[in-house]
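The sequence and the model are shown first.

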Amino acid sequence: MAHSLSLDEVKNEIRSCIISSKAMLTLKQLSSDYMMLVGDPIPFKNLGFQSLEGLIKSFPDLDLKKQGNVTYAVAKQSEKSAHISELISNQKSPKKRPLPKQILRVEDEPATKGELNQRTNNKRLQENIKALSNSGGKEYMSKHRNTVFTTNTNINNNDGALQSTQIDSGASSKLLLSTKMRLSRKMSELSLDRYMIIYSQPETVGSFNKGCCTCSDSGNSSPTNESISPILSKTAEFSRTNDPLKDLKKFVAIHKLGDVAVSTTLMDPKRKKFYSCKIKVGSEHTYCSYPKEFKSALEAQSFCCEEALADLIPKCEIKASLISTEQDLLIRIPPMLEKHANGIWAKQLTLDYSDKYGEMLPHDWLSIIDKSNNVHIEKTAKDHILYHCKLGDKGQQRIGGSRMPLSNVSVPANTVQFREDGKLTCQITYVVSANEIWCEQIYTEENTRFSEMVDRMKIYYEEHEAQLIPQEIVLAGYYIAKYEQEYYRVRVEKIDQRGIVCFFIDTGDELVVPKSNIFVLERVYATSQAQAFLCRLSGLEDLYDVSTNSEHLAALLDRVVILELAIDISGDENTAILPVYMYDFETGSSINEDLISQLTVELAAPILKPDRSTEVYISHIESNGDIYVHVKTKGFDNLQSLRVELQMQVNEKPLDYLLYTVTKVNSEGQLYFMKDKLTGNWERTKLIDWAPTGDYAQVYFVDKGYTDVIKVADETLYPLDSVNEVFNTYPSQAVRVRMALDAIPPNFLDLATAALPKETPVLLKIVEMGAENIPTVKLFRRNADGLFCINESIAMQTELSKEETLKNKFKLLAVSGIPSTGTLKCPPLPKAGPGSRPIEVFVPMAVSPYNFIVQPCSSYKQLHEMMDKLQLAYEDVQYGNLSIDDIVPGGIYAYKHTDSCWYRLSVIKVIHTGSSVSGYLCDYGSYQTLSVRQLVTLDEAFMELPYQALSAKLAGIKPKLDKWTMVDCEFFKQLTEMKRLYAELISIERDSFSRSDIILKVSLYDTSTDDDILISDELIKSGIAVKHT
């Protein structure tokens, strides 16, 4: 192969082999078919697997099935998706886009223009879409058992621990398994497998049930009995003066917030001059007077100081005065930990808690929270790490053996808030496919705070980039990434030569960012939860696998939409993807419903991908090597169903009112519904060429690939856009490809038609893009022995035909008595007969079991030495100076082949009329027709070695049919050609075409494996030969 295949590419090729076989494939058959299709063995070891079984088990849509002692590889497919062609590449990297700018957020959600229409259509929508859905889930329920952080919080206390509502994928989880694996890295830092679904009005903190948590030491807790210094600000008297800057510095000093840095700037826009002030307090607080304008620097400074004090005083004074109770800690902290899937440092949790609740933690808070059955604490050299855990998991080793690296700061996971009516409003931030749509919830207090934080974050990082360069960048760490002059919160997925692969936690994108554009994430900008959450469109399950790169899905990017859960997800625990119905924010129309028809038509476009094999069906074959194929997708099946339906309508009631006089002018760009004389079916057609008189035209059948000439006035041509607009918009289904052959034989049409039955699936692999952007392809078909290449079979049959033609020409040799090998001696042969001593041979050419060449390995070294000397002796010779009259039949000459190498050639026949010669390569066994200028008199030194090409045939067998087929010959060729084997000489017979030539009847053995293989037995086992005495 030109390059090593990725894991996804290997899976695609394996799957192509499996689904192309009606019967289950054994692992041995699969390996053989893969070798035929790709040209290399299945590289399971290179991909990190110990066995082929291990590789197959790693693919969610493949499986192993054991019957007795035989293991088979099978593909998992749902009944509905069995006919969907897999058009997606795993390539994981869709085309990236600039991340969307922030849209305007408001605290109260406005009423949507389409709300009334949406409610009216809701019942019809659910009936239509759920009829198509595989999810099998219940209808949406507006009231759930477990709600968290709502104005009317209802906490389940059955097991004495806080519970949160989580999402499940429903019965369609099998369809989503591959997506989950691909997204697992992204989801880890977002805790997407633990979405907390909140049904509420805009976020408020409710009153909690104080008696909801039973607190006891688990016995497995980490040691926390060391003295933990209380983190309380020393209360001090603070009184205001008339100097805002002095007041600010005093307040900052009392509460130990760091240094105060003040800078004023004279702004000079074109309209007028004004002053602006910026103040930085410590490393976490920055204030700016802009966009307000001030006439003096002092006014700007005073205003900015007042803004800073107004923000800092409530925070610090509350912190200094309130300390949380033990019961508060046990209720509040576990839900905070649940939003940090990889854990959180105790230091960060202390600050986050204070910011969230306006209270301080007591000095022994770690010992208190260690009593919770939902909190696991690990002690490290620098700090404690806290994790949320399920009941019974406390103190146990974390899943996967060792935890993910924990960065200095952790970002809380996304919390999705549904309104009381069961809906939410969001903006679509990133689209991959119908089951991977990333969204950002908007019009909530949380999102408003996030938007304001982003504005502050941009100002801060624009000024402090140089001070925020990380000392090191670690995997799974949170950072700020600068992309197209904007700043985004990211999580590091991979570090390689391209740069830093970052997952943008607020939009869902994954991009490569230069290392120089990665900065430290300050804790103050890590407190807002990750904004991106993941959903899938319910009702489109059949289109999930083929919807990647859809133009209609791409058009959803940046749209504001309304989401409604498609199934009841209360109590489920395993999914990370919300199954939703999606509505347009402006009109209320169902996006799911619209996309079902749009994607079906869009995905009907037949696609041949250059990096993978595609299952196709033959539609039409041309004599010039062009073949038209069908890719049978779900869209193709829908098109055929629609065609049959319209055909029945037209046959029952002709649409004569649609007819008009068709001309060259009005037919341009128009599709017609016309009856095909060949099949009697009505098909889509277009007129591609006209006779000068205008009465005849060439018509092209766009879904078949062939043409016909019609007298226009005698045909019924219905304009397709008037018959059915949807039918008119489907893309053409006949895909033109060209067979990869060195030369197209004159009888190509007959050979290809026999090898490619129209209703038999074949695998197509693109070799290159040829002239006119037509793919040059190899085609593979399956028989009882596995996959075989149609191209090679046609080439072999063509070569066989040439060999037969040449042999017929050489029958004249029998009269003259001149052997094909001329005057060269025969190499020494062992005594013939059963039980004779086997000799080692090399097979340079194999045409069929009755026609192959062997070279004795005993003189293999002498042959190569002679060939090397022959090249040196004639390296300066371009052409010979012999005339046609100088050439003697049976003479041995030096012959310059088209590969620029010199060979020994025996002249069989001189063709005086064309100054050409028929000859035989007496060391390699092929017949040649050449110009006399390619011959040079051979030096006597090269006449000593006997000829090395011995014609041979297998003894003891005959073809099962009348003669050896192309498939038989190909199988024999794979077993023998270019291999060292052992030959047992059974007998020597005369060639029926040339009585002067001998043919060795032999038994061939392959001794390269532990058990010796008799080639004739392999042919019998494969069902292509039978014993013959």
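Helix H8 (residues 326-338) and helix H9 (residues 346-357) have axes that come within 12 Å and cross at roughly 110°, so H8 and H9 are roughly perpendicular to each other (angles of 65 to 115 degrees count as such). The model is predicted: local features need pLDDT of at least 70, side-chain atom pairs count only at pLDDT 80 or more, and totals for chains, interfaces and linings use all residues. Residues are numbered from 1 along each chain as its sequence is written, and side-chain values use heavy atoms, with hydrogens and water left out.

**H8 and H9**

- The crossing of H8 and H9 is right-handed (the near helix is turned clockwise from the far one by less than a right angle).
- On the H8 side, the contact (heavy atoms within 4.5 Å) is made by Asp328, Leu329, Arg332, Ile333, Met336 and Leu337.
- H9 contributes Leu349, Asp352, Tyr353, Lys356 and Tyr357.
- Seven nonpolar, no polar and four charged residues form the contact of H8 with H9 (Ala, Val, Leu, Ile, Met, Phe, Trp, Tyr, Cys and Pro count as nonpolar, Asp, Glu, Lys and Arg as charged, and the others, Gly among them, as polar).

**H1 and H2**

- Helix H1 (residues 7-19) packs against helix H2 (residues 27-38) at an angle of about 115°, with the axes 10 Å apart.
- H1 is therefore roughly perpendicular to H2.
- H1 passes H2 in a right-handed crossing.
- Val10, Glu13, Ile14, Ser16, Cys17 and Ile18 of H1 meet Leu30, Asp33, Tyr34, Leu37 and Val38 of H2.
- The contact of H1 with H2 has eight nonpolar, one polar and two charged residues.

Notes: Axes are lines fitted to C-alpha atoms, for helices over the stretch in contact, and angles run from 0 to 180 degrees between N-to-C directions. Helices (H or I, at least four residues) and strands (E, at least two) are DSSP runs, numbered from the N terminus. Angles under 35 degrees count as roughly parallel, over 145 as roughly antiparallel, 65 to 115 as roughly perpendicular and the rest as oblique.
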